[in-house]
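Me: I have a chain open and would like to learn how to read it. Could you walk me through it, starting with its contacts?

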Amino acid sequence: MPVPHDLLADLHITADAFQALIDKDQDLHKLHKEYNTKDKEVLAAEANGTSDDAVNRLRKERLLLKDRIERIIHPPKA
């Protein structure tokens, strides 16, 4: 059975801290909405027997969104 991806656990951030960041950064807010939409697409594809190639493509798209979010929350150190 498909399970939603736990973004906050992956990012090692609390819901309150993440919400505070979203409240300050509209780009982060938009990315988070896109991530949630993509996560729902992945779950639906996994649940309805979509081809492996299509599911993998959706997962990669979700991962790219997560990586973009992570770079905002935890910018690389120079």
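Reply: A contact means heavy atoms within 4.5 Å. Here, among the contacts in the chain with a separation of 6 or more, 63% come from residues 24 or more positions apart. This is a predicted model, where local features need pLDDT of at least 70 and side-chain atom pairs count only at pLDDT 80 or more, while totals for chains, interfaces and linings use all residues. Residues are numbered from 1 along each chain as its sequence is written, and side-chain values use heavy atoms, with hydrogens and water left out.

Me: How many helices and strands are there in the chain?

Reply: Helices (H or I, at least four residues) and strands (E, at least two) are DSSP runs, numbered from the N terminus. The chain has 4 helices and 0 strands, giving the pattern α-α-α-α along the sequence. Its C-alpha trace spans about 40 × 25 × 20 Å along the principal axes.

Me: What share of the residues is buried?

Reply: Buried means under 20% relative accessible area, exposed over 50%, and partly exposed in between (1.4 Å probe, protein chains only). Of the 78 residues in the chain, 27% are buried.

Me: Where is His12 placed, and is it buried or exposed?

Reply: His12 sits in the loop between helix 1 (7–11) and helix 2 (15–24). His12 counts as exposed because its relative accessibility is 70%. Check its backbone too: His12 has a positive phi of about 55°, although it is not a glycine.
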